[in-house]
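Here is a set of questions and answers on one model. Sequence and coordinates come first.

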Amino acid sequence: MPTSSASTTDSAKSATGGVQSLERAFDLLERMADAGGEVGLSELSASSGLPLPTIHRLMRTLVACGYVRQQPNRRYALGPRLIRLGESASRLLGTWARPYLARLVEETGETANMALLDGDEIVYVAQVPSKHSMRMFTEVGRRVLPHSTGVGKALLANTPDDEVRALLARTGMPAATEKTITTPEGFLAGLDDVRRLGYAVDDNEQEIGVRCLAVSVPNSPTPAALSISGPAGRVTETATERIVPVLQQIAGELSEALASSQNHAPA
């Protein structure tokens with residue numbers, strides 16, 4: 001039976017409306033994440049420009065699906081179903097990064113890692129070990145505090161000082177070694193060095209005898225960093241001059257690959 005032009009138009013409007021609702025829902029989730037994971041409807045309306053009834057309808061759907069939950073104070077928080085999506089996405093991102101990490105190992109000789117900022121913690125999502133008999137090993141999935149790691153410094157270098165101070169206040173700054181930075185002022189000074197130099201260093205701060213060099217992945221969809229780690233006797237100042245440009249080059253190539261994947265998403 002032929003479809004009338006009226007029904008075809010209605011279907012097109014419905015499809016367009018559905019896509020728009022999906023875009024708006026994802027936008028609200030990202031705004032909630034940017035706000036620390038919990039917001040009120042009026043805050044979402046002010047930041048998104050959407051009317052309150054529209055936001056309320058979208059949030060009701062997200063709550064029903066488990067991606068958002070409503071707090072007793074009537075504010076909305078990111079929901080538990082997002083955890084499974086985030087963990088799966090992190091694993092896939094780590095798998096995707098492995099060829100880049102393998103190149104880092106080939107060109108630097110040291111163990112290569114990829115880490116993400118997940119809330120207040122650093123989580124390692126991929127690693128390719130060095131071929132040296134003496135090499136560093138970090139278990140994929142391991143979580144550490146950012147103040148004692150090169151990747152933590154690289155990931156927080158462009159975060160406003162007040163937000164960094166708030167994070168450090170939440171996590172504390174326990175000393176992993178005698179060289180760990182344990183004051184907010186010292187850590188912020190270290191972030192100044194990262195911005196000035198273009199890379200971060202963990203100099204025996206997480207483990208005595210180990211040095212790490214790290215850079216952030218530019219324009220990554222989620223804050224990500226690449227690093228190499230090795231014995232302090234191999235990752236010397238002279239080696240740093242050779243390794244850092246390689247780290248920056250490969251991080252840039254990974255950034256381009258991630259951007260390309262987003263640009264080629266189905267229309």
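Strand 9 and its surroundings

In this predicted model, Val210 has Pro231 of strand 9 as its bridge partner.

Q: Which strand is joined to strand 9 by seven bridges?
A: The bridge between Val210 and Pro231 involves strand 9. Antiparallel to strand 9, and joined to it by seven bridges, runs strand 8.

Q: Why is strand 9 largely enclosed by the rest of the structure?
A: Buried means under 20% relative accessible area. Strand 9 is largely enclosed because its buried residues number eight of eight.

Q: What is the volume of the second largest pocket?
A: Helix 5 (150–156), strand 8 (210–216) and strand 9 (224–231) each give two or more residues to the lining of this second largest pocket. Its lining divides into seven nonpolar, seven polar and three charged residues. The volume of the second largest pocket is about 230 Å³.

Q: Over what arc around the axis of helix 3 do Thr54, Ile55, Leu58, Met59 and Leu62 lie?
A: In helix 3, Thr54, Ile55, Leu58, Met59 and Leu62 are buried. They are on the same side of helix 3 because they cover an arc of only 125°.

Q: Which residues are exposed on the other side of helix 3?
A: Exposed means over 50% relative accessible area. On the other side of helix 3, the exposed residues are Pro53 and Ala64.

Notes:
Residues numbered from 1 in each chain as written. Predicted model: local features only at pLDDT ≥ 70, side-chain atom pairs only at ≥ 80, totals over all residues. Heavy atoms only, no water. 1 Å grid on protein atoms, 1.4 Å probe; cavity = no way out; pocket = protein on both sides within 12 Å on 5 of 7 lines; lining within 4 Å. Points joined across faces, edges and corners; volume = space filled by probe spheres on them. Helix = DSSP H or I, 4+ residues; strand = E, 2+ residues; numbered from the N terminus. Nonpolar A, V, L, I, M, F, W, Y, C, P; charged D, E, K, R; others polar. Buried < 20%, exposed > 50% of the residue type's maximum accessible area, 1.4 Å probe, protein only. Pairing = 2+ DSSP bridges. Arc of directions from axis to C-beta.
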